[in-house]
Amino acid sequence: MAPSLGSTEDGLALVRRLLRDVLVGREDPEGFFALCVSALGHHDTRSHFHAVIRPLSTANRALHSTLTAVYEEYFSKTEDDELQLALALSLLEPTKDQQLEEVSVTTTKDNNEHCSAPSSNQAICESGEREKRPKKRRQKSKSMGQQVVGLPPTPSSQPPVILWFRRDLRLCDNPAIVQALQAGAPVIPVFIWAPAEEEGPGITVAMGGASRFWLHHALSCLRSALERIGSSLLFLTADQSSLQTLQRLLKDTGARTVVANAVYEPWLRQRDELVSSSLHRDGAELRMCHSYCLRDPYSVSTVGVGLRGIGSVSHFVSCCTQNPGPPLGAPLDPPVSLPTPSFWPSAELLDTLELAKMPRRKDGTIIDWAVNIRSSWDFSEEGAHAQLHAFLQDGVYRYEKESSRADSPNTSSLSPYLHFGQLSPRWLLWDAKGAKCRPLKFQRKLAWRDLAYWQLSLFPDMPWESLRPPYKALCWSTEREHLKAWQRGRTGYPLVDAAMRQLWLSGWMNNYMRHVVASFLIAYLHLPWQEGYRWFQDTLVDSDVAIDAMMWQNGGMCGLDHWNFVMHPVDAAMTCDPCGSYVRQWCPELIELPNELIHKPWKCPASILKRAGMVLGQTYPERIVTDLEERRSRSLQDVARVRLQFPEYVDKSSGCDLVPLPPRLLSQTLGRHSDDVPSGKEFLLPLITRMEFKHQLDKPDCDSTSNPYNAVLKGYVSRKRDETVAFLNQRDFTASVLNEGTQRRERMERNQRKMEGLSEPHQPRGRARRTPTANDKFSVVPGGVVKTLR
Ligand SMILES: Cc1cc2nc3c(=O)[nH]c(=O)nc-3n(C[C@H](O)[C@H](O)[C@H](O)COP(=O)(O)OP(=O)(O)OC[C@H]3O[C@@H](n4cnc5c(N)ncnc54)[C@H](O)[C@@H]3O)c2cc1C
């Protein structure tokens, strides 16, 4: 709870902290004084202010005398003022008796924000006004005094409703707001910062640096939005727990109802259940709405679908279709206003939550690591809608075929807004469905998002423990230097480095690039997937425990699904950055290299390097690993080793990995209540398993290149042929003949293999296609350059 009101000592500690802000110029003297009055109250300010600012008398004399002058001016009152003050203080007495602490509004705005709250909420806007009209401030703070001290709610008045914001930082389509308004009572919006609760029982890095930074700004924007409709947002830190903070808030405000939108991490759900039952015992209630996912993950059932294919998005969609939840309905409009209560409980400054606090160097200067993140994003709800609008006007038309391009904004970039609930998935789906091009692939991404939450609800250990038991025994590398090079974007592979630098500088990269860097970390560096997960959690602005864990588990070969491909750090460029412009953007030291060598500078002749002003190992790093195929082979052999070591987790007939069925799925499958399910027995569930791994089990020591299911997405040969054929197919008859010839040859090869009792050959078709463009050197086809196919 707010330290300002616990005791004079707490208040003084807060004020001393704030004094530092004045010293470094983040707060002006008048503002600081107003905060003192707000935090300490009139009496204590009068008695302690001189002592608080005493250190300045030697450290900064000018500031000391300015503050003294502000103090003198404030306390040289007129009789009128005296009278009003007496009145306010007399009102304070009974409220104290009733345990209503002195209420001061400390939801001060950041220095650079503009306050536009209506007069009913002047107290909240106090500091915003203060900068422009210092004289009026005094009157304001007195009127604030009257308002904030306030009278206890009269017996006939409705007790206020607490609107508990968590990851739904928006006004549009927010069911909790609608629910709170339905009571017809004043609404007190609150945000409680409880990092330990977010973290859960394992190492989740739920609130990494970049997402804390985003959260800070999103909260600041939400507060401004609330102020525009006559309300505000209280910031509280959960010293002990959210529950205790809420209980105290209910006591202070007389509220009996708390409304919130559900969050679905299992440990947060448990927390909410505890809050609900404890409030119920206290005679209050927690009302929960659903809006974070399209489907409440705890309501998804496999009944009628079974477990075959579990982990894939198709299986998940079938489960949702077979067992539909309540209809989604149309998105809800934002409220026009939120009724304000007659007084506001105590709160902290947003800054005191320290979400966007930057580290300092030894010399005291700030290391502003977020400077680029700040300039790359608009953190507001309006920003989310603008981004959505821009995407639906443009990127969505390229999404189906070109979402893997890193050199063009073809995806929505909405993930941080979705993560913090600044945009509801229902709103997004509604708008996407309205797009002319019917972007089915895009809509399916929202199913992926829900799938991640469903998986986390079933496997709460997903963020830190491999789901497939044998894979816990994989022999991962411990080369910290490799990890560091990967994190810093200094691996010597331009595509990987560009992506990792984009991540560091902007807090984001597209899905395809996430696959590229994850493949590199796991398949080529052999570093544990958990390292990648944690780095992503710390550096992504959209870091999301459920999605991130699901994706890293799948990439790390131990999730419910297996990526049936591995991205090659050079060949993948053909799909995502064929002309090298993405690499040039994030690795400017490579800017002068020719297109055909930009993804492999080590192949550049000395003369080209010289002309480009490059010295490998100096201006750009040498490759940290060179023997890519050998490393891949070792990775495959390691997988075969653990699968052989734990045969109980490999299905004999299909060669699929087996994983113990989680209790909820077991009871669903057996159609019994969870208490009625046999305990102590492990039921095993077969999972989708990469063909390459199944084959390797028969020949554990064979190398990756001789595995017919080699999953590395090389692309060049197959895709170029595919595209050439497709292109020519459109153009002339000869091509269709060529196409038929190719197909016939493939058919014959397949039949031949079958007759020889060999397994099906690896099928590269249909993977990672892209539409060739005129600039694209890979689009050169026999007979000429593709002008355009669009
Ligand atoms: C190793 C790895 C880690 C990832 N970690 C995260 C993460 O921490 N947070 C996160 O939001 N996404 C994560 N993703 C998924 C995906 O890369 C991002 O959601 C996407 O790149 C965000 O960009 P966008 O909004 O332009 O996506 P779009 O392609 O425009 O998709 C729209 C929305 O759908 C959802 N979505 C898209 N792809 C997926 C997916 N594969 N799984 C679940 N939901 C998806 C996101 O909410 C996204 O904003 C990860 C992917 C990989 C490969």
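In the predicted model, the axes of helix 3 (residues 29-53) and helix 5 (residues 61-75) approach to within 11 Å and cross at roughly 80°. Helix 3 is therefore roughly perpendicular to helix 5. On the helix 3 side, the contact is formed by Pro-29, Glu-30, Phe-33, Arg-46, Phe-49 and Ile-53, which meet Leu-63, His-64, Thr-66, Leu-67, Val-70, Tyr-71, Tyr-74 and Phe-75 of helix 5. By residue class, this contact comprises ten nonpolar, two polar and two charged residues.

The UniProt annotation "domain: Photolyase/cryptochrome alpha/beta", taken from an unreviewed entry, covers residues 159-294. This span is 45% helix and 19% strand, and its end C-alpha atoms lie 32 Å apart.

An open sheet of five strands shows parallel pairing in the order 3-2-1-4-5. Strand 3 (234-237) and strand 5 (285-289) are the edge strands, each pairing on one side only. On average, neighbouring strands of the sheet are turned by 30° against each other, direction ignored. Five bridges join strand 4 (residues 257-261) to strand 5 in the parallel sense; Val-258 has Leu-286 in strand 5 as its bridge partner. Helix 12 (residues 242-253) packs on the sheet, where it touches strand 1 (161-165), strand 2 (187-193), strand 3 and strand 4. The direction of helix 12 makes about 155° with that of strand 2.

Note on methods:
Residues numbered from 1 in each chain as written. Predicted model: local features only at pLDDT ≥ 70, side-chain atom pairs only at ≥ 80, totals over all residues. UniProt positions renumbered as here; feature names shortened; annotations may be inferred. Helix = DSSP H or I, 4+ residues; strand = E, 2+ residues; numbered from the N terminus. Axes fitted to C-alpha atoms, helices over the stretch in contact; angles between N-to-C directions. Parallel < 35°, antiparallel > 145°, perpendicular 65-115°, else oblique. Contact = placed C-beta atoms within 7 Å. Nonpolar A, V, L, I, M, F, W, Y, C, P; charged D, E, K, R; others polar. Pairing = 2+ DSSP bridges.
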